[in-house]
Structure formats: C-alpha cells, structure tokens
Amino acid sequence: MTSAPTAMTVTDTEVLRDALGLLKDREQVAERLLESSAKHSYDPDTELDWDAPLDEGKWFWPPELVSLYGTPLWKRMSEEQQRDLSRHEAASLASLGIWFEIILMQLLVRHIYDKPVTSAHVRYALTEIADECRHSKMFARMIQKGGAPTYPVSRLNHNLARVLKTVSTTPGSFACTLLGEEILDWMQRLTFPDERVQTIVRGVTRIHVVEEARHVRYAREELRRQMVTAPRWEQELTRISSGEAARVFSIAFVNPDVYSHVGLDRREALAQVKASGHRREVMQNGARRLTDFFDEIGVMRGVGRKLWKSSGLLA
C-alpha cells in the first residue's frame, strides 16, 4: 500500500475505504463532535459537590473491579480492608489517568501542528484538549477527596512515555490513545451507576464517560484514516508500538504500592493478581471492544499481536 499524497486535504477522506467500509468525511465527523461538545460538556468544579462528606461504608471502586477480588488473599481480608484497597486503587487509576491524559494532550497538539487551523478537525482537537485539562484536574481533586496518596508510574514507564511523545507517528499516537481510553471507559461505565460506590466517584466517572465517548469516536475515525493512508513501514510500526504500549499499560494499570498501603504483603498480592482468572477476565473484557476494532482495521497482526497476547489483554 502506498502512502497518501502529501497534499491531501481534510475533505479528501470521503474516498477512503477500509475493512469497516467507507470512511466518513473528517470535517463532518468533527462538526458533529463539536455540536455534541456544546451540548454535553461539564465543569467538574461546579458540577460536583466537592464539599459533601464521603459516604459512610461505601466503596471507591466496584469490588469486582478491584485487582485482588476473588483471590485467597481477598477472602482473608476484612470488608473494611477491602474497601480501603478500593480507595487506594481508585487513586492509583486516577493517577494513571492524569499521566496518560498529559501524554494524550501533547500527542494531539503534535497531530494538529501542521493542519489547517480553521478546520473543524483542529477545533475539535483543541476542544478535546480542554476536556482533558478538566479531567486531569478532576481526577486530582478526587484523589485528594479520598485521602489516598498519588501513585505515579515507575520512572522507567515515565521515561518510556517521554520517548513515545517524541517519536510516535500519527497512527501510533491514536492507537495508544484508544488503549488508554477504552479499558478505563469500560470500567467507568460499570462504576457510575453502581450505588455501592461513593457519590463523588460516581459523579467523576459519569462526567468522564460522557465526554470520553467523543474522544473515542475522534480517535477511532482518525486511526482508521491513518491506517489506510500510512506507508507500510508506519503501519507495521503502529502494530508493534501498540502491542508494546499494551504490555506497559497492563503492568502500570495498578501501582503495586497500593497493597503495602493497606497492610498487605506486596509480593504475595502481586502473585495472586497474576494468577487470578477473574482479574484476567476483567482486563480482557475491558479490552475486547478495542482489540476487536484493532483486529478489523489491521492493527492486530504479526509481532504486534504477540505483544498484545503477552500483555494479558488479548485471550
């Protein structure tokens, strides 16, 4: 497959097709997303009641989504200790979300740097960046509200992301974007309607789900376009980089320091999470919509597919 002409404009995409069918016009997609943003965007600082006390005896994350759920160690824990672990894991996931969204914002800025500044495509990207700024602040407030510490990723993963931000090509950027967005989105869709969970956490996840749906649509449409127009070397690089990102993401998903903070033996907890069939099923269910999509558009092939399997996110 040859690369697209460098002079291709934002409206030329209507002639492009992939395994899923004809691609929608880039500007029309962006216009619809801008309309949705105007109707369904939220300011978490005013939308949520940050001064309300926490709910007595409620979880910070659905217990079935806590990493140790169903393990022998989980069954030995008191319910209070289980709920405390959910508090720390919610803080860990929020910390991961902030780290990821800062990466995403930089990748989006790189994506639009040489595109027509008055196009709807660029205006929507800037709108999404504004969304992600609010989300990052919202997650930070949620961590503080819960009273748990922040959980930064390891120095190695922090620096690997620095490399990614510098060298990632456009399809690779959108593939990694979807990796970070869709698994957390699946979990949050189970969280915000769950009355067992803290009201503030449900509010945060509700806002994130509503606004993230637009981000996923934008990234999916753009990744389809990039995989059709990119040269073969870039398609293959995207397959490998997304597989490696999946491996890193699965490791960084929950910071192992959460176990120490609730009085558990870190090594034993990690071993039981790794051996947990329930946890493996949760992560694969969370990734299934994404892996099916990647499979359909040609991302899940060759070495990249092997990396996805090694990550545990692909059965």
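Here is a chat about how a few labels in this predicted model were reached.

Reader: Why is the pair Trp-59 and Trp-74 called stacked?

Author: Rings pair if their centres lie within 6.5 Å, and planes under 30 degrees apart count as stacked. The centres of Trp-59 and Trp-74 are 6.1 Å apart and the planes sit at 25°, so the pair is stacked. By this rule the count comes to seven aromatic pairs.

Reader: What makes that pair a tie between parts of the chain?

Author: Look at where the two residues sit. Trp-59 is in the loop between helix H2 (44–47) and helix H3 (72–76), while Trp-74 is in helix H3, so the pair ties together parts that are 15 residues apart in sequence. Tyr-69 comes in too, as ring pairs link Trp-59, Tyr-69 and Trp-74 into a cluster.

Reader: How do you know whether Trp-59 is buried or exposed? And Trp-74?

Author: Buried means under 20% relative accessible area. Trp-59 has 9%, so the label is buried. Trp-74 has 7% relative accessibility, so buried goes for Trp-74 as well.

Reader: What about Gln-82, buried or exposed?

Author: Gln-82 is found in helix H4. Its relative accessibility is 11%, and with the cut-off for buried at under 20%, Gln-82 therefore counts as buried. Leaving aside neighbours within four places in sequence, Gln-82 is in contact with Trp-59, Trp-74 and Met-77.

Reader: Why does Val-163 get the label partly exposed?

Author: Val-163 comes out at 47% relative accessibility, so partly exposed is the label. This residue lies in helix H6 (residues 155–167). Its C-alpha atom is 23 Å from that of Arg-220, which is 57 residues apart from Val-163 along the chain.

Reader: How do you know that Arg-220 lies over the face of Phe-293?

Author: For Arg, CZ has to be within 6 Å of the ring centre and within 35 degrees of the ring normal. Arg-220 is at 4.1 Å from the centre of the Phe-293 ring, and lies over its face. The charged end of Arg-206 likewise sits over a ring, that of Tyr-42, 5.6 Å from the centre.

Reader: What makes Pro-62 count as buried?

Author: Its relative accessibility is 3%, and buried means under 20%, so Pro-62 counts as buried. Pro-62 has its place in the loop between H2 and H3. Setting aside neighbours within four places in sequence, Pro-62 is in contact with Leu-190, Thr-191, Asp-194, Arg-196 and Val-197.

Reader: Which residues have the most contacts inside the largest nonpolar core?

Author: Those are Leu-68, Phe-253 and Phe-294, in a core of 85 residues. Helix H4 (residues 79–112) gives the largest share of this core, 14 residues. As for Phe-253, not counting residues up to four places away in sequence, the residues touched include Ser-92, Leu-93, Leu-96, Ile-183 and Met-283.

Reader: How is the packing of helix H1 and helix H5 described?

Author: Two packed helices are described by the angle between their axes and the distance between the axes. For helix H1 (residues 26–39) and helix H5 (residues 120–146), the angle is about 40° and the axes are 8 Å apart. The crossing of H1 and H5 is left-handed. Among the residues that meet are Ala-30, Leu-33 and Leu-34 in H1, and Ala-120, Tyr-124 and Thr-127 in H5.

Notes:
Residues are numbered from 1 along each chain as its sequence is written. This is a predicted model: local features need pLDDT of at least 70, side-chain atom pairs count only at pLDDT 80 or more; totals for chains, interfaces and linings use all residues. Side-chain values use heavy atoms; hydrogens and water are left out. Rings of Phe, Tyr and Trp (its six-membered ring) pair if their centres lie within 6.5 Å; planes under 30 degrees apart count as stacked, over 60 as edge-to-face and the rest as tilted. Helices (H or I, at least four residues) and strands (E, at least two) are DSSP runs, numbered from the N terminus. Buried means under 20% relative accessible area, exposed over 50%, partly exposed in between (1.4 Å probe, protein chains only). A nonpolar core is a set of buried Ala, Val, Leu, Ile, Met, Phe, Trp, Tyr and Cys residues joined through side-chain atoms within 4.5 Å. Contact means heavy atoms within 4.5 Å. Axes are lines fitted to C-alpha atoms, for helices over the stretch in contact, and angles run from 0 to 180 degrees between N-to-C directions. A crossing is left-handed if the near helix is turned anticlockwise from the far one by less than a right angle, and right-handed if clockwise.
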